[in-house]
Amino acid sequence: MTWMVYGANGYTGRLIAELAVQRGERPILAGRSPEKVEPIAAALGLEHRAFGLEQARTNLEDVEAVVHCAGPFSRTSSAMVDACLQTRTHYLDITGEIDVFESIALRDADAREAGIVLLPGAGFDVVPTDCLAAILKDALPSATHLDLAFVVGGGASAGTTKTSVEGAAVGGRIRVNGELRSVRIGHRRRTAHFRSGPREVGSIPWGDVSTAYRSTGIPNITTFTTVPGLLGQLQHVFAPVLRTSLVQNVATKLAGKVKGPDERKRANTRAEVFGEAWDAQTKVECAITTPNAYSLTADSVLRAVAKIDGVAPGSHTPSSAFGADFVRELDGVVASEVRFTS
C-alpha cells in the first residue's frame with residue numbers, strides 16, 4: 001500500500017514514521033513545512049512532500065491511505081477528510097476530540113459512496129477505551145450505562161497539550177440518554193479498579209463520549225481520569241477567560257514548547273484503562289494495561305493501516321473496524337478477565 005503520514009514533523013507523526021521504517025514500511029512523509037519534513041525524511045530514507053491542507057487533494061491522488069497527525073484536529077480534520085473523499089483515500093487520524101469524532105461520523109454516507117474508510121482515533125485516543133467498551137457490551141448486551149477511566153504516565157507532547165488547552169475552555173461532556181450534554185469537569189467522581197489497584201478519578205471530556213456510543217449503542221457514558229477536585233470548580237469560574245482569543249493564543253504558544261517523553265521515559269511508563277458497564281440488575285467490569293500511550297499509538301496506527309483495506313467503507317470506530325479484540329493484538333497490552341460484580 002502507498003500511504004502517507006501527514007504531520008510527520010510532529011512528535012507522534014515522527015514516532016509513527018520511525019516505527020514504520022523499523023517494520024519495513026516506507027510511508028511518504030508530509031507536512032506543511034519543507035524545512036521541517038525534509039530532514040526527517042532524509043534521516044529515514046523516505047520520500048517526502050510539503051503542502052498545506054488546501055493542496056491535499058493534489059498530493060493524495062496516488063496515495064491509498066493517509067494518517068493525519070497534524071492537530072488540533074478541530075481545525076485540520078475537515079479539509080483532510082474532504083480531500084480523502086475526493087481522491088478515494090482511506091483516512092486515519094489520532095484525534096481524541098469529541099466534536100471531530102461527531103463531525104466525521106456524519107460523513108459515513110459520503111465515505112460509503114467513495115468506497116473508503118474514515119477512522120479517527122486510531123491511537124491511544126481511543127483504541128484501548130473503545131475496544132474495552134465493545135468488550136463490556138459483548139459481555140452485557142443489555143447495558144444501559146458505561147464508565148470508562150484511564151491514567152497515563154510519561155507526560156504529554158506539544159500537540160496533546162495544545163488540544164488540552166483548547167478543550168479546557170469548553171468544559172466537560174457526557175452522554176445522557178443518547179444525547180451529548182455539557183457538564184463541568186469533575187462533576188462525577190468514582191473509584192476505578194485498574195489492574196495496578198484502585199484510584200479515585202473524576203469525569204472529563206474524552207473521545208469515547210462519542211465513539212463508545214457509536215460502537216456499543218449504550219446511551220449513558222461518562223469518561224474519567226485523575227482530576228483534582230478543585231479543577232472542575234476553577235474551570236467553571238475561569239472558562240469565559242480561557243475562551244478569549246488572547247488567552248488561547250498565549251497558552252497555545254506556551255504549549256508548543258512542551259516536549260513529549262523521550263525514548264527512555266516511554267519505555268518505562270505505562271497507561272491503564274478501566275471500564276464498567278451495567279443495567280438495572282448486573283454490573284460487569286474489565287481493566288487493561290498498555291505501554292506508554294505514545295508507543296501504543298504508533299503501534300496501533302501501523303496495524304490499522306495494514307488492516308484498513310479489509311474494512312467495509314464508511315465512518316468507523318476502532319472496534320467497529322477491527323473488532324473488540326483489536327487492542328489485545330497490540331504489543332505489550334495485558335487485559336484482565338471480564339468480571340461480573342453484581
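## Close-up views of a predicted model

The accessible surface of the chain comes to about 14700 Å², and 50% of that surface belongs to carbon and sulfur atoms. The model shown in these views is a predicted one. The chain holds 14 helices and 17 strands, and 53% of its 342 residues are buried. Among the contacts with a separation of 6 or more, 72% are made by residues 24 or more positions apart.

**View 1. The largest nonpolar core and the surroundings of Trp 3.** The largest nonpolar core has 87 residues, and those that touch the most other members are Trp 3, Ile 16, Leu 29, Met 80, Leu 92, Leu 119 and Leu 146. Helix H13, which covers residues 293-307, supplies the largest share of this core, with 8 residues. Once the neighbours within four places in sequence are left aside, Trp 3 is in contact with Ile 16, Ala 20, Glu 25, Pro 27, Ile 28, Val 63, Ala 65, Val 67, Leu 302 and Val 305.

View 2. All 6 of the 6 residues of strand E12 (residues 220-225) are buried, so the strand is largely enclosed by the rest of the structure. In a regular strand the side chains alternate between the two faces of the sheet. E12 pairs with E7 in the parallel sense over 5 bridges, and Leu 146 stands opposite Ile 221 in E12. Strand E11 (residues 197-204) runs antiparallel to E12 and is joined to it by 3 bridges, with Ile 204 opposite Thr 223 in E12.

**View 3. Helix H7 and the elements that cover it.** Helix H7 (residues 127-139) has 13 residues and reaches 18 Å from its first C-alpha to its last, which is close to the 18 Å expected at 1.5 Å a residue. The helix is mostly covered, with 10 of its 13 residues buried, and the buried residues are Val 127, Pro 128, Thr 129, Asp 130, Cys 131, Leu 132, Ala 133, Ala 134, Ile 135 and Leu 136. These buried residues pack against strand E7 (145-152), helix H9 (208-216), strand E13 (270-278), strand E14 (283-291), H13 and helix H14 (318-322).

**View 4. Helix H4 and Asp 82.** Asp 82 has its place in helix H4 (residues 73-87). At a relative accessibility of 29%, Asp 82 counts as partly exposed. Ala 111 lies 29 residues away from Asp 82 along the chain, and the C-alpha atoms of the two are separated by 10.0 Å.

View 5. Most residues other than glycine have a negative phi, and most peptide bonds are trans. Gly 71 and Pro 72 are joined by a cis peptide bond with an omega of about -5°, and Pro 72 lies in the loop between strand E4 (65-68) and H4. Another cis peptide bond joins Asp 125 and Val 126, with omega about 10°, and Val 126 is found in the loop between E6 and H7. Arg 88, although it is not a glycine, has a positive phi of about 55°; this residue is found in the loop between H4 and E5, and at 54% relative accessibility Arg 88 counts as exposed. Asn 177, also a residue other than glycine, has a positive phi near 50°. Asn 177 lies in the loop between strand E8 (172-176) and strand E9 (179-183), and with a relative accessible area of 60% Asn 177 is exposed.

Definitions and conventions: Residues are numbered from 1 along each chain as its sequence is written. This is a predicted model: local features need pLDDT of at least 70, side-chain atom pairs count only at pLDDT 80 or more; totals for chains, interfaces and linings use all residues. Side-chain values use heavy atoms; hydrogens and water are left out. A nonpolar core is a set of buried Ala, Val, Leu, Ile, Met, Phe, Trp, Tyr and Cys residues joined through side-chain atoms within 4.5 Å. Buried means under 20% relative accessible area, exposed over 50%, partly exposed in between (1.4 Å probe, protein chains only). Helices (H or I, at least four residues) and strands (E, at least two) are DSSP runs, numbered from the N terminus. Contact means heavy atoms within 4.5 Å. The expected span of a helix is 1.5 Å times one less than its number of residues. Two strands pair if DSSP finds at least two bridges between them. Accessible areas come from the Shrake-Rupley method with a 1.4 Å probe; for residues, only the protein chains shown count as cover.
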